[in-house]
Amino acid sequence: MDLDDELGIPSKATLSPSISACVQFTFEGNNLDELLTIPSRHGNNDSLPISVASSMRKSSNDSTIEPRALIIGRQASSADFRVDHKSVSRRHTAFYYILTSNNDAHLVIQDLGGKHGTTVDGSRMEKNGSVQLPVRGESQKEHVIQFGNAPLKCRLIFPLVNNQQDACQQSA
């Protein structure tokens, strides 16, 4: 069983290259270098895709298995992005994409049950709950995510396009 299965990430969840470049994210806050460990980071304001390329995890049993979700948490061995703060759980929040029956992509933010919770746009999520945000839209959208009481925020940036496939190709 891999980490995604252990955390209850749906089998249809994906970080597929065909849609994963659609949504970018940045982290904001004081002392980011002390609080945050992320792969391929070249500066505090770099924008990163929610994609397999941003993942630090590899399956312990088979390195050919790609993760289906990006995990934010405090534990370096099981999180793609490590937030070193006492209010952040070992495995705090997951990000992944789901394709709907009409082939539209949604970014899913899933709280992984930590004591201090996950906040999306100022509203605390239910413990173990999830929020689906459509990727395609008529206007550029931003959502702000906070993990526990950590003094940093994650800003999700959705593209300004009418066609989801165009957004992914422009961002890739």
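F27 and F81 are both buried. In this predicted model, their ring centres lie 6.1 Å apart with planes at 35 degrees, so the pair is tilted. F27 sits in strand 1 and F81 in strand 5, and the pair links distant parts of the chain, 54 residues apart. The count of aromatic pairs comes to two. The second, F95 with F147, is edge-to-face.

**Overall build**
- The protein chain holds three helices and 12 strands.
- Of its 172 residues, 51% count as buried.
- Contacts reach across the sequence: among those between residues at least 6 apart, 55% join residues at least 24 apart.
- The accessible surface of the protein chain is about 8800 Å². Carbon and sulfur atoms account for 43% of that area.

**The F95–F147 pair**
- The ring centres of F95 and F147 are 6.5 Å apart, and the planes make an angle of 80 degrees.
- F95 belongs to strand 6 and F147 to strand 11, so the pair ties together parts 52 residues apart in sequence.
- F95 counts as buried because its relative accessibility, 3%, is under 20%.
- F147 is buried too, with a relative accessible area of 0%.

**Nonpolar cores**
- In soluble globular proteins, nonpolar side chains tend to be buried together.
- The largest nonpolar core here has 28 residues. Those touching the most other members are F27, F95, I109, I145, F147, L152 and L156.
- Elements giving two or more residues to this core include strand 1 (24–29), helix 2 (32–35), strand 4 (70–73) and strand 5. Strand 6, strand 7 (105–111), strand 11 (141–147) and strand 12 (152–158) complete that list.
- Strand 12 supplies the largest share, four residues.
- Another core, of 11 residues, lies apart from it; L3, I9, I71 and A94 are among its members.
- Beyond its neighbours within four places in sequence, I145 is in contact with F95, I109, T118, T119, V120, K153, C154 and L156.

- Six strands form an open sheet with mixed pairing, in the order 2-5-4-6-7-10.
- Strand 2 (36–37) and strand 10 (130–134) stand at the edges. Each has a single partner strand, so one side of each is left without a neighbour in the sheet.
- Strand 6 is mostly covered, with six of its seven residues buried.
- Strand 4 and strand 6 pair in the antiparallel sense over three bridges. L70 has F95 as its bridge partner in strand 6.
- Strand 6 and strand 7 are also antiparallel, over seven bridges. Here F95 stands opposite I109 in strand 7.
- Strand 6 and strand 7 form a hairpin, with five residues between them. In the turn, N103 has a positive phi of about 70 degrees.
- Strand 7 and strand 10 pair in the antiparallel sense over five bridges. L107 stands opposite L133 in strand 10.
- In a regular strand the side chains alternate between the two faces of the sheet.

**The loop between strand 5 and strand 6**
- H92 lies in the loop between strand 5 (81–83) and strand 6 (93–99). S87 lies in the loop between strand 5 and strand 6 as well.
- H92 counts as buried, at 0% relative accessibility.
- The side chain of H92 reaches the backbone nitrogen of G148 at 3.3 Å.
- Leaving aside neighbours within four places in sequence, H92 is in contact with I72, G73, S87, Q110, D111, L112, G117, T118, F147 and G148.
- S87 is buried, with a relative accessible area of 4%.
- The side chains of S87 and H85 are joined by a polar contact of 2.8 Å.
- The side chain of S87 also reaches the backbone nitrogen of N149, at 2.7 Å.
- Not counting residues up to four places away in sequence, S87 touches H92, H116, F147, G148, N149 and A150.

Conventions. Residues are numbered from 1 along each chain as its sequence is written. Side-chain values use heavy atoms; hydrogens and water are left out. Buried means under 20% relative accessible area, exposed over 50%, partly exposed in between (1.4 Å probe, protein chains only). A polar contact is a pair of N or O atoms within 3.5 Å; within protein, one must be able to donate a hydrogen and the other to accept it, and residues adjacent in sequence count only if both atoms are side-chain atoms. Contact means heavy atoms within 4.5 Å. A nonpolar core is a set of buried Ala, Val, Leu, Ile, Met, Phe, Trp, Tyr and Cys residues joined through side-chain atoms within 4.5 Å. Two strands pair if DSSP finds at least two bridges between them. Rings of Phe, Tyr and Trp (its six-membered ring) pair if their centres lie within 6.5 Å; planes under 30 degrees apart count as stacked, over 60 as edge-to-face and the rest as tilted. Accessible areas come from the Shrake-Rupley method with a 1.4 Å probe; for residues, only the protein chains shown count as cover.
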